[in-house]
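Here is a report on one protein chain. Please look at the sequence and the fold first, then read on.

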Amino acid sequence: MSEDEIQSLAESIKTQKKKIIQLAYEKSKKLLQSMHKNSEKVKEGCKKIIEETEPKLTEDGMKKIKFRSQFESLKAINALAHYISQQFSDFQVPDASKKLTSIELNQFIRIVSRLLTDTNREKSAADSVMGIDFMLKKRTFYNPLGKLGSDLANLRDLQKEEYSIIKSLEDLNDLNADVKDLLEKISLYKEEQTQLQTEKSALEETIIEAERVKSRLLENPLIKDSRQRGIRMTELEIEIGRHLNSFKKTFKKYAREIQRGSVSGDFGLVNTALAYEKQPVQSFLEEEEGNPEIIALMEELIKVGKSDLHLKQKSINNLTHELKALQQGKMDLWKDEWKGHLTQKEEIEESLEFKTVNNQLTQCEEKIVALRANLTEKEEEITLNKKNLTQTTESLSERRQRAKDIATEVLEIKD
């Protein structure tokens, strides 16, 4: 349902329900006139009661009162008149000639309802004190208050009946404005989606090109050689770690017990144990030829491990196995290969050509990382925009259906 269709429905309602709408305004006018008149009577009645009772509550006036109950009644009706007068001092009835909107009518009904509720509460309190003798006095403002209550009931009936047509027209106008606003938002979201998709495609193309440049740079012999050596060095470090990392807790335990004094030993071995506990692979690679420090440490651990450190036989066996491997130089082959790769890698990376190409490669890789971050952000924007578009489209559908339902409901009402 378009804006024009909703507007057309509103015009149909105005035409077909013209009599009901006119009747609503006529009833509203009469009720507002009546409420204005009765509210003024309430004010006048309160003023009259105050003028009558005020002198009687002075010291001289009290001397003429024979019964305490009469005095209490005078006080109660005087206080009530003051309270109601104050409540009605700021109360204003809308101009009867004005055609109230349904919102204005509802707001006025709430104001009157609250005013009469508060007033009736005070009336009940005063009535419990005042005797029957004050019946005539109370009528001066009780009667118009009662009529105001009756007018309020009629106003509520008007709101539910004839004025429901006016409210429906207002709702249709609001829905029409909503539809216009939602259509504009949908158009903007679609434009934004197209723009975002274009930006995403451009980023993807830029990333592809950057990846091509990176691949070419990686094929440079110096870069390729340096990286392959680095990969092999890592593989060797992992292999060495498989043999030494499992003893980290044993190294730590030995160093701790020596420091505590519970086990006697060489403090030089303690330093070795601490170094191997923190970085076993690096410590091994830094050892001089023959690995005297780690060999001495393992020999000592095998010697005192069972008696002083309470190591399990399995741990002793593992230490013995690795000690033999170290003594036979099996791990030295890995160390020598690692050092060879390190020397060659450092020589390659010192060359000007390598530094130039590597700098280009680093910049290219950083560019790719930044581009991928931008792409992720752009995809999130696209997802959010799609969500907003879906929600707005659903809201538009709801508004259109609501307009259709209102029009159907109103047009089915019999005049």
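## A loop residue and its contact in space

Gln-92 sits in the loop between α4 (68-89) and α5 (102-127). Helices here are DSSP runs of H or I with at least four residues, strands are runs of E with at least two, and both are numbered from the N terminus. Gln-92 counts as exposed because its relative accessibility is 67%. Along the chain, Gln-92 and His-36 are 56 residues apart, yet their C-alpha atoms are separated by 7.8 Å.

The model is predicted: local features need pLDDT of at least 70, side-chain atom pairs count only at pLDDT 80 or more, and totals for chains, interfaces and linings use all residues. Residues are numbered from 1 along each chain as its sequence is written, and side-chain values use heavy atoms, with hydrogens and water left out.

Asp-266 lies in the loop between α9 (248-260) and α10 (267-278). With 47% relative accessibility, Asp-266 is partly exposed. Asp-266 and Ala-255 are 11 residues apart along the chain, and 10.0 Å separates their C-alpha atoms.

Gly-268 belongs to helix α10. Its relative accessibility is 36%, so Gly-268 counts as partly exposed. From Gly-268 to Ser-168 the chain runs 100 residues, and the C-alpha atoms are 95 Å apart. Ala-210 is placed in helix α7. Ala-210 is buried, at 5% relative accessibility. Between Ala-210 and Ile-231 there are 21 residues in sequence and 23 Å in space, C-alpha to C-alpha.

How many salt bridges does the structure hold? The count is 20. A salt bridge here is a side-chain nitrogen of Lys or Arg within 4 Å of a carboxyl oxygen of Asp or Glu.

One of them joins Lys-185 to Asp-181, with the closest N and O atoms 3.7 Å apart. The two residues are four apart in helix α7 (residues 162-218), so about one helical turn separates them. Lys-185 is partly exposed at 37% relative accessibility. Asp-181 is partly exposed too, at 36%.

Glu-204 pairs with Lys-200 in another salt bridge, where the closest N and O atoms are 3.9 Å apart. Both residues lie in helix α7, four residues apart, which is about one turn of the helix. Glu-204 is partly exposed, at 31% relative accessibility.

## A bridge between helices, and a network

Which residue forms a salt bridge with Arg-372? The partner is Glu-211, and the closest N and O atoms are 3.0 Å apart.

A negative surface patch is formed by Glu-288, Glu-289, Glu-293 and Asp-336. Patch residues have over 30% relative accessible area and no salt bridge; like charges are joined within 9 Å, and nonpolar side chains (Val, Leu, Ile, Met, Phe, Trp, Tyr) within 5 Å. Asp and Glu count as negative, Lys and Arg as positive, while His and the chain ends are not counted. Glu-289 is found in the loop between α11 (280-286) and α12 (292-304). Glu-289 is exposed, at 81% relative accessibility.

Asn-291 lies in the loop between α11 and α12. Is Asn-291 buried or exposed? Asn-291 is buried, because its relative accessible area is 0%. Phi of Asn-291 is near 50°, a positive value in a residue other than glycine. Most residues other than glycine have a negative phi.

## Cysteines

The structure holds zero disulfides (pairs of cysteine sulfur atoms within 2.5 Å). Cys-46 is buried, at 0% relative accessibility. Cys-364 is buried at 7%.

Definitions and conventions: Areas by Shrake-Rupley, 256 points an atom, 1.4 Å probe, with all protein chains shown as cover. Charge placed at Lys NZ, Arg CZ, Asp CG, Glu CD. Buried < 20%, exposed > 50% of the residue type's maximum accessible area, 1.4 Å probe, protein only.
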